[in-house]
Number of protein chains: 2
Amino acid sequence: MTVTQRRARSESAKQQRTGDLLDAARLIASNDGVRAVTLAAVTQAAGLHPSAVRRYFDSKEELLLELAEHEWSAWSSALVARLDNGSDLPADAIASAVTETILARPLFCDLLIHVPLSLEDGVSLDRARQYKTTSFEAYDAIVRAVASASATLTSSAATDVISATLALTAYKWQVAHPGPILAELYDLVPRWGHVALNLDADLSRSIRAMIAGTQGSTP
Amino acid sequence: MTVTQRRARSESAKQQRTGDLLDAARLIASNDGVRAVTLAAVTQAAGLHPSAVRRYFDSKEELLLELAEHEWSAWSSALVARLDNGSDLPADAIASAVTETILARPLFCDLLIHVPLSLEDGVSLDRARQYKTTSFEAYDAIVRAVASASATLTSSAATDVISATLALTAYKWQVAHPGPILAELYDLVPRWGHVALNLDADLSRSIRAMIAGTQGSTP
């Protein structure tokens, strides 16, 4: 085997391992929430020796930030495809497209609050810069597609709507996914559960209101 | 000293200590953020022996949840006083009152996301129930005051506006308070900083849009 062949083989093995670790993290986060992800759990689930993981990721934060980056691109592609170069779409159609595509990605919804809270600032400057670059590309593509598909939203109004969508989803997703103590309390006091757990209807109503209110107030 | 006198004195000493611990936690959270609060740091700042703190709080979560409870009541009182039994107020006046009173309480803004993420589910069922009772009383008083002061918002529209306000504030506050890595990145790439750091203008514009959009869509 030549040096070039050996390098190629080792590069491909490394990519395979990186992919295995990301898949394991995705599975743990989907089953038990992003908070349950630890490097030790991920390494064990991927069948690697505990000491091996550091060759691929410096920290849990770096691993989760890479998942968030993938999720940004996937949400952007799905929403742009859903709007399908439409034009003159009414507010309701835009609101449904935004709400349904983001809620179809529960891992993204869960990661959203962890990004500013601990992930972006838990990695190196270069890694944070790469995340910002990818996520802003995805964000900009979404804003362009929404503004161009909508009958009424300007580009700056579409920016406000997507920025509000991130905030509404990040917070309301956490509220709608209580741990065991809260879940028990919601059984005991149904009104509290009703306020917390109607994520789908609640989010789509808020996003619809944001679109209606933003198009009314932005020239 | 009688038994009753001794009990009264010990009860008052306990209240004093509890207050000292809450003050110390408030100070640490205000200076360094809620994430910097640990029982050890709070105990040291309050001048107590490390082993003493457990007589007053079972955990950091219990202590922070008590601060959040105080903040809910304080925000509710401030906003109700600001609306001052007004009526027929336009959307802009309501939006300013909501935005300014919540941003005047940075500890509340910071705590908001930690409540569903780790605080409510990190305490006993009884303690969580007490938090829910107090925070819903404050929430309900705010919704009543907003609906009654507004020229256009029904009670259910006011509920949607306040629920969105909590989400928008919880997320955007964290984004607007980056750690050192992100702060450095925002200096290097001003556009990213511009999107993240304009909390005041951004929040008041979103809340105004929510009010305009909700009053338009709710009968």
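**Helices within and between two chains**

In helix α5 of chain B, the residues B:P106, B:C109, B:D110, B:L112, B:I113 and B:H114 meet B:L166, B:T169, B:A170, B:W173 and B:Q174 of helix α7 of chain B. To meet here is to be in contact, with heavy atoms within 4.5 Å. By class, this contact has seven nonpolar residues, three polar and one charged. Ala, Val, Leu, Ile, Met, Phe, Trp, Tyr, Cys and Pro count as nonpolar; Asp, Glu, Lys and Arg count as charged; the others, Gly among them, count as polar.

This is a predicted model: local features need pLDDT of at least 70, side-chain atom pairs count only at pLDDT 80 or more, and totals for chains, interfaces and linings use all residues. Residues are numbered from 1 along each chain as its sequence is written, chains are lettered from A and ligands numbered from 1 in the order in which they are written, and side-chain values use heavy atoms, with hydrogens and water left out.

How do two helices pack? Two packed helices are described by the angle between their axes and the distance between the axes. Helix α5 (residues 106-119) and helix α7 (residues 155-175) of chain B pack at about 100°, and their axes are 8 Å apart. Axes are lines fitted to C-alpha atoms, for helices over the stretch in contact, and angles run from 0 to 180 degrees between N-to-C directions. α5(B) and α7(B) are therefore roughly perpendicular to each other. The cut-offs are these: under 35 degrees is roughly parallel, over 145 roughly antiparallel, 65 to 115 roughly perpendicular, and the rest oblique.

Now turn to chain A. Chain A has ten helices and zero strands. Helices (H or I, at least four residues) and strands (E, at least two) are DSSP runs, numbered from the N terminus. The C-alpha trace of chain A spans about 65 × 50 × 25 Å along its principal axes.

Take helix α3 (residues 60-83) and helix α5 (residues 106-119) of chain A. Their axes come within 10 Å and cross at roughly 130°. α3(A) and α5(A) are therefore oblique to each other. On the α3(A) side, the contact includes A:L64, A:W72 and A:W75, and on the α5(A) side it includes A:F108 and A:L111. Eleven nonpolar, one polar and two charged residues make up this contact.

A:R82 pairs with A:E100, and the closest N and O atoms are 3.1 Å apart. A:R82 lies in helix α3 and A:E100 in helix α4 (residues 91-103) of chain A, so the pair ties together parts that are 18 residues apart in sequence. A salt bridge is a side-chain nitrogen of Lys or Arg within 4 Å of a carboxyl oxygen of Asp or Glu. Over all chains, the structure holds 20 salt bridges.

Next comes the interface. In contact are 51 residues of chain A and 50 residues of chain B. The two chains bury about 4300 Å² between them, 67% of it on carbon and sulfur atoms. Buried area is the accessible area (1.4 Å probe) that two parts lose on being put together, summed over both. In chain A, A:L117, A:Y171 and A:W192 lose the most area to chain B, together 16% of what that side buries.

How many salt bridges are there between chain A and chain B? The count is four. A:D140 forms a salt bridge with B:R191, with the closest N and O atoms 2.8 Å apart.

Helix α8 (residues 180-188) of chain A and helix α6 (residues 125-149) of chain B pack at about 60°, with axes 10 Å apart.
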